[in-house]
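User: I am new to this structure and would like a short tour of it. Could you begin once it is on screen?

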Amino acid sequence: MPCCKLDFGSRSGRQRKLASRKGPIDFVHRMGCFRDPTTGDGQRMEIESVQGGEDMWASSAQAKFPDHLVVMVNGIVGSAEDWRYAAEQFVKKFSDQVIVHRSECNSSRLTFDGVDLMGERLAEEVLSVIRRRPGVRKISFVAHSLGGLIARYAVGKLYVPVSNKEALVVAGNHSSEEYSSSSTQCLERHQEGRLAGLEPMNFITVATPHLGSKGHKQLPFLCGLPFLERRASEAAHWIVGRTGKHLFLTDGDDGKQPLLLRMVKDCDDIKFISALRSFKRRVVYANANFDHMVGWRTSSIRRQSELPKQHLLANDEKYPHIVHIEREISANTNRASRVDSQAVDMEEEMIRGLNQVQWERVDVSFLKSRQRYIAHSTIQVKTYWINSDGKDVIFHMIDNFFL
């Protein structure tokens with residue numbers, strides 16, 4: 001007896017063909033045989049393969065279509081499958097409130113093309129999703145590793161300031177009793193702007209190298225050895241293409257600053273910081289240890305002296321791998337770095353630039369987990385049966401998510 005009924009009628013021939021290319025096991029998984037096709041409250045989990053990724057939402061005869069778009073972005077050599085577990089939990093928790101789009105426009109070797117090109121592709125993909133889903137009104141991003149940098153570039157491309165006229169129109173739609181508060185909110189939105197016409201809600205990154213990979217222990221598997229770090233910086237572009245130059249801040253040959261330095265301020269054509277400021281929440285999840293790909297400082301946007309002391313790290317009963325939380329605490333941007341070197345100077349500039357907006361910092365530790373040596377994937381629950389210990393991080397993300 002088959003494990004479930006395969007409803008081929010709900011998918012187009014093109015979609016079935018795309019699914020079959022990924023192999024028979026993954027095809028069956030996509031069709032729902034190995035997961036509950038409902039959200040737990042009687043609503044069916046709808047999955048639609050689309051060009052560039054996959055949309056997932058809950059539906060029922062009574063439910064309205066979700067108005068909150070959640071875009072999930074994979075890291076280097078990753079794919080939309082990396083966020084499957086998290087996407088399912090989001091839809092189960094928020095039922096008909098969110099539609100999750102798992103991006104695939106930057107997968108596998110396409111992640112070697114450079115942060116700017118990948119950011120352009122992601123922005124175009126998001127616009128295509130919005131065109132397909134005209135009912136969405138809000139947008140959030142959840143990104144892993146390199147995907148956080150891609151998402152930061154993309155939101156800069158999508159950012160559009162809200163004009164005074166638009167603010168007054170929105171305020172005029174409220175009753176007189178609500179006018180005062182709504183006017184204030186509209187003025188705030190005027191300062192914040194929109195992303196492709198949508199209201200920005202949550203910008204969440206997970207183990208993202210916000211400060212790049214250059215510098216002492218920013219790429220932990222090199223063990224902090226200056227010789228290896230120097231060689232990695234010189235050879236990165238041979239391994240991961242233009243992305244390597246961007247991560248190691250060696251792309252300034254055309255007279256411009258390295259891309260990651262430009263991305264911590266508003267440029268003439270792309271308003272990177274204004275776009276980040278437009279979100280109601282900005283959150284960074286960072287591995288405090290055993291992440292061999294992304295260091296604690298770069299993923300949490302901190303200086304070495306600002307990292308929490310080990311005695312302050314304590315497991316949360318509800319979320320056993322969450323060990324420290326700073327809620328919307330901005331770093332002291334006036335404090336200069338004590339070390340005078342080019343790498344640290346650039347790092348300091350990025351910290352100061354990114355701290356023009358407030359961040360929630362959530363520190364994660366898999367110290368007591370058998371999956372600690374693959375912490376970079378476990379924090380995302382990339383593959384459930386290998387990275388299941390990271391599920392409490394996903395639940396923490398969901399429980400604090402702004403709708």
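**A guided look at the model**

Analyst: Helix 5 is mostly covered, since 12 of its 13 residues are buried. Buried stands for under 20% relative accessible area, exposed for over 50%, and partly exposed for what lies in between, with a 1.4 Å probe and protein chains only. Helices (H or I, at least four residues) and strands (E, at least two) are DSSP runs, numbered from the N terminus.

User: What should I know about the model itself?

Analyst: This is a predicted model, in which local features need pLDDT of at least 70 and side-chain atom pairs count only at pLDDT 80 or more, while totals for chains, interfaces and linings use all residues. Residues are numbered from 1 along each chain as its sequence is written, and side-chain values use heavy atoms, with hydrogens and water left out.

User: Which residues of helix 5 are buried?

Analyst: Among them are Leu146, Ile150, Arg152, Tyr153 and Leu158.

User: How far does helix 5 reach from its first C-alpha to its last?

Analyst: Helix 5 (residues 146-158) reaches 19 Å, close to the 18 Å expected at 1.5 Å a residue. The expected span is 1.5 Å times one less than the number of residues.

User: Let us turn to strand 5. Which strands pair with it?

Analyst: Strand 3 (residues 68-73) pairs with strand 5 in the parallel sense over 6 bridges, and 6 bridges also join strand 5 to strand 8 (residues 199-206), again running parallel. Two strands pair if DSSP finds at least two bridges between them. Met72 has Val142 of strand 5 as its bridge partner, and His144 stands opposite Val206 in strand 8. Strand 5 (residues 138-144) is mostly covered, with 6 of its 7 residues buried.

User: And what do strand 1 and strand 2 form?

Analyst: They form a hairpin with 2 residues between them, and Gly52 in the turn has a positive phi of about 100 degrees. Strand 1 (residues 44-50) and strand 2 (residues 53-59) are antiparallel, with 7 bridges.

User: Next, His321. Is it buried or exposed?

Analyst: His321 counts as buried because its relative accessibility is 14%. His321 is found in the loop between helix 11 (296-300) and strand 10 (322-326).

User: Which backbone oxygen does its side chain reach?

Analyst: The side chain of His321 reaches the backbone oxygen of Asp389 at 3.0 Å.

User: Finally, how many disulfides are there?

Analyst: The structure holds 0 disulfides, a disulfide being a pair of cysteine sulfur atoms within 2.5 Å. Cys105 is buried at 14% relative accessible area, and Cys267 is buried at 17%.

Definitions and conventions:
Polar contact = N/O pair within 3.5 Å; in protein donor to acceptor, adjacent residues only side chain to side chain.
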